[in-house]
Amino acid sequence: MAEIDIGGDTVRYLDIGKGPTVLFLHGWGLDHRAYLRVVEQIAQQGVRVVAPALPGFGGTDELRDSEHSFQGYAEWVNRFLSLTALPTPAAVVGHSFGGGVAIQFAYDFPNRVSSLLLVNSIGGSAWHDDGIVRAMADRPLWDWGLHFPSDIWPLRQATHVVPVILTDAISNLLRNPSAYVRVAGLARRADLTPQLEALRERELPVTVLWGNRDGIIPKESFEAMCVALGTTGTVVAGSHSWIIADPDAFGELITNDERIAALVRQVPIPSKVTRNSGFGPL
């Protein structure tokens, strides 16, 4: 565990491994500690993984009101990289809300990013409501909450996810409840289609992963992201938090999928790649 001062605030972060830089951005409600095993799996690719606690979580102060936007989070990430003197461009991996921050960061600071790996990421613009595809911003809060229990069960997955929620998410909620509400609102309204389309035009290497049991980020949102990027994406067996529930499966994927391994290691991407791979139920 390392730490650095950003604007008078002490930011804690993981710094594991050696090699090309990989920046990991965590999901809503959690912080860097919840992803320790995930970060270790990435580092086994022969890279250095740095995972900060984003503003509002893990003890890091919230962004000021004027900065509370995806652009504000992207600027914060840029300051973090500058103050830590991390070599860039870096591969960026983002899960859930962290994926949305990663998209905006790549859009605003193209010279800082060599590739993106988006895991069950926000940023798509669509969801399914009684047979009708609607804008994600129209999705009511109760519908988000309705799908949350499915992200914890079955029991085998719950034994991995529940301890993280109890030790990480609840402590963050008690420490800074306003961050939960503000960031949830930002994530709920997220439509990063223009940014994704711009990344496509720039030909930035991007891979999108999605768990086939994810009710928090629906299939329509995943597909909208893929359309904007001009990619088919990769579907795995799992819920929204599958990388936390089974980090070994994530490690297997980034090891065996040639395209994803190339993105993480920052080497030329093979011309022939395997897509839409899957694992057994978590």
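In this predicted model, Leu 117 lies opposite Thr 207 of strand β9. Strands count as paired if DSSP finds at least two bridges between them; strands themselves are DSSP runs (E, at least two residues), as are helices (H or I, at least four), numbered from the N terminus.

Strand β10 (residues 234-236) also runs parallel to β9, with three bridges between them. Here Leu 209 faces Thr 234 of β10. Between β9 and β10 the chain passes through helix α9 (residues 219-229), a right-handed β-α-β crossover. Right-handed means that, with the strands pointing away from the viewer, the path from the first strand over the helix to the second runs clockwise.

In a regular strand, side chains alternate between the two faces of the sheet. In β9, Val 206, Val 208 and Trp 210 are on one side and Thr 207, Leu 209 and Gly 211 on the other, and all are buried, that is, under 20% relative accessible area with a 1.4 Å probe, protein chains only.

Confidence is given as pLDDT, from 0 to 100 for each residue. The protein has a mean of 83, with 79% of residues at 70 or more. Helix α3 (residues 97-108) is highest at a mean of 97, and helix α4 (residues 141-146) lowest at 49. Over residues 272-282 pLDDT stays under 50, and the model has 37 contacts (heavy atoms within 4.5 Å) there beyond four places in sequence.

Residues are numbered from 1 along each chain as its sequence is written, and side-chain values use heavy atoms, without hydrogens and water. Local features need pLDDT of at least 70 and side-chain atom pairs 80 or more, whereas totals for chains, interfaces and linings use all residues.

Key
pLDDT = per-residue confidence, 0-100. Buried < 20%, exposed > 50% of the residue type's maximum accessible area, 1.4 Å probe, protein only.
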